[in-house]
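I opened my notebook to write down what I looked up in this structure, one entry at a time. I began with the place where the chains meet.

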Amino acid sequence: MGEVDMSNAVEVTAPMASSDAARETKFHTRGVQVFYGEKQALFDVDLDIYENEVTALIGPSGCGKSTYLRTLNRMNDTIDICRVKGKIELDGTDVYSDKIDVVHLRARVGMVFQKPNPFPKSIYENIAYGPRIHGIATGKEDIDQIVEESLTKASLWNEVKDRLDEPGTGLSGGQQQRLCIARAIAVQPEVILMDEPCSALDPIATARIEELIDELRDNFTIVIVTHSMQQAARVSQRTAFFHLGDLVEVGETGKIFTTPQDQRTQDYITGRFG
Amino acid sequence: MSFTFVLGALIILTVAGFYLGRSRSMASAGGTASRLHSRPHYYGYFVALWCGIPTILILGVWTVFQTPIVEMIVQGNLPERMLEGDPAQMSLIMNDIRNLASGNITSGEITPAVQAAADQYVSLVQTSALAKFVLILVVGIAAIAYARGKIAPSLRARNQVEKTMMAILIICSVIAILTTIGIVMSLVFESYRFFEKVSPVEFLFGLEWSPQTALRSDQVGASGAFGAIPLFVGTLLISFVAMCVAGPIGLLSAIYMAEYAPLKVRGAVKPLLEILAGIPTVVYGFFAALTVAPFLRDQGTFLGLDISSESALAAGLVMGIMIIPFVSSLSDDVINAVPQSLREGSYGLGATKSETIKRVILPAALPGIVGSFMLAISRAIGETMIVVMAAGLGANLTANPLEAVTTVTVQIVTLLVGDQEFDSAKTLAAFALGLVLFCVTLCLNIIAMAVVNKYREQYD
Ligand SMILES: Nc1ncnc2c1ncn2[C@@H]1O[C@H](COP(=O)(O)OP(=O)(O)OP(=O)(O)O)[C@@H](O)[C@H]1O
Ligand SMILES: [Mg+2]
């Protein structure tokens, strides 16, 4: 920990008094390079993601935040032209090795997308989908319970408990996004990746989701991409700043926002570019 | 003064109107287009429309009425003696005159009276054409002058041009609708005449179809039997066999193309499948009658089954191949229309590709897939050629696909082929069958469209 990347990432996570002892590394990534065809989108990203913490990825548009996020659960596999190089370990196992089945990986590393994408099924079926395909629950009662628990955790239960049979697509945007979070929770993942989960939402819905993220931190490890500096400051413990495919700086959120080490970070958070 | 010549003149006039209007508008605004209410070319269209619409109307009306009017005059000038003949005689004479006028061979020798009439005919036509040309020129130029005079920077040319264009579009669609209604009305009318002779109950629920016996009035059983059930059953049977082929093959190939095939393969396979839809049905008919049917018969003998050489199975199989592209191409489109975000959502939960397809994509695309099936079925029901060639003409009431059956469309063809009076029950039955066919395919299409529309609403 606290190592300094030779190229340009300035690792400023000096041992922190309070949380450091309990800190376990969930994702350990070194030298991650991603190519779309000939074009390189990420250059040697070294980043650790710690358990039961919220890590925020910030940076100007097109800098590779989503790309990095999607390497963590191999979502990039669905893009034909995409190639990934480097070491990406989840609990010490390389996620790109044969030892890990991509289906299991994605069950352990859930994802919430920028635009809410509920399945055109009932609210109940949206949640039950994951547990069913993974055989987490089979009996009706078990599934009922999972549905209720997940919706409760996503603080959506009270709003939808009387209309579980209605289509998930009929909910409001904010409700849909919470439904998608509930859907991800239902599979009992260890990590939840969120790619700009609030960009389509109004401030009230955003506030609820931010609260939710804070609660979820107790049970899950969360990586969130956001364009809102305030949001990163509010919900995350650590922040990583990306710029043009490079990881420029990563560290304690408070530190990144108050005393950034790199000029580019400084410029970005003070709004001088991006 | 041929039609094309006049049309050419008219077009030149209209184009000239466009340029005159445009330059006039610029001049009226003192060379600055921004002072005009509309962009200059709208003033051009304004003048062009003013010139084009009346002249085209004149051309059309004149061309339609020229011949009848000329013939009326010529006929009226014929000597009394010739006018007294019966109508058939009269039309023969008129025919001679017409042929003579256009320099064709006439029947029999030419009397001086006919010759004179023909000369008059020719001169009348020439005068008429000249008059038409002059009138169009005058009206066109007058219209251009009038419209050009109206041009001022404040003239709302764009609004007027757009209104006129909209009116033209509406008229065109009304024409299309009216034609359809006309066709349906004639079907209904003729069917009504049929149902005066044969009761609808007998037609719709009767179990025996043998219209041939009605040929001669002194024959036994001259009334014929017009129970259409065997035809409906035959149609359903063949369509069913066809869908058994086209449904699975079409859907599965659509899934392959949309979800599994690399882009290049998809680019090659999809057009190839669509070529199937472009093969003339007669060719499919050959294939069914000369290859598939004998093959089935031989296999049948081998297995100890009695398959007639004309069988519903052969026709259905080949028809199924023909309608594969209807299912596959449309299903492929609707599967592709399922948003990528749903796929990612499913993958993100750790679903495999096949789970995603089965549980997310197909349910989401189901309404569209049903729509594609409906269209394929209505195509199968309407198909004639393959059935004529491979399934025969015998109206057997059977659910056994190994026997020969016939379908509604095939019977329509056989009823109308050959010399028939158009008021016997036999020929009128064709219209009744056509009406039933129309209603069935219409229902299928409406259902298909409703289903497809419902599907569309889901993601917007
Ligand atoms: N499917 C793709 N095919 C080709 N290039 C891609 C693809 N997805 C992303 N890229 C490229 O990779 C680079 C990084 O994109 P990425 O989506 O990771 O940016 P981002 O930081 O998430 O931006 P934003 O904040 O706008 O979402 C961009 O230059 C982009 O053009
Ligand atoms: Mg992004």
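**Entry 1: the two chains.** I first looked up which residues touch across the chains, keeping in mind that this is a predicted model, and I found that 22 residues of chain A are in contact with 19 residues of chain B. I then looked up the area buried between chain A and chain B, which is about 1,700 Å², and I noted that carbon and sulfur atoms give 63% of that area. On the side of chain A, the residues that lose the most area to chain B are A:P120, A:Y129 and A:I133, and together they make up 30% of what that side buries.

Entry 2: How many salt bridges are counted between chain A and chain B? I found one, and in it B:E344 pairs with A:R70, with the closest N and O atoms 3.0 Å apart.

**Entry 3: salt bridges over all chains.** I counted 24 salt bridges over all chains in the structure, and I followed one of them, in which the side chains of A:E51 and A:K26 meet at 3.7 Å, N to O. A:E51 lies in the loop between β3 (39–50) and β4 (54–58) of chain A, while A:K26 lies in strand β2 (residues 25–36) of chain A, so this pair ties together parts that are 25 residues apart in sequence.

**Entry 4: two helices of chain B.** Is the crossing of α8(B) and α13(B) left-handed or right-handed? I wrote down right-handed. Among the residues that meet there are B:M243, B:L251 and B:I255 in α8(B), and B:I361, B:F373 and B:I377 in α13(B). The residues of this contact divide into 13 nonpolar, four polar and two charged.

Notes
Residues are numbered from 1 along each chain as its sequence is written. Chains are lettered from A and ligands numbered from 1 in the order in which they are written. This is a predicted model: local features need pLDDT of at least 70, side-chain atom pairs count only at pLDDT 80 or more; totals for chains, interfaces and linings use all residues. Side-chain values use heavy atoms; hydrogens and water are left out. A crossing is left-handed if the near helix is turned anticlockwise from the far one by less than a right angle, and right-handed if clockwise. Helices (H or I, at least four residues) and strands (E, at least two) are DSSP runs, numbered from the N terminus. Contact means heavy atoms within 4.5 Å. Ala, Val, Leu, Ile, Met, Phe, Trp, Tyr, Cys and Pro count as nonpolar, Asp, Glu, Lys and Arg as charged, and the others, Gly among them, as polar. Buried area is the accessible area (1.4 Å probe) that two parts lose on being put together, summed over both. A salt bridge is a side-chain nitrogen of Lys or Arg within 4 Å of a carboxyl oxygen of Asp or Glu.
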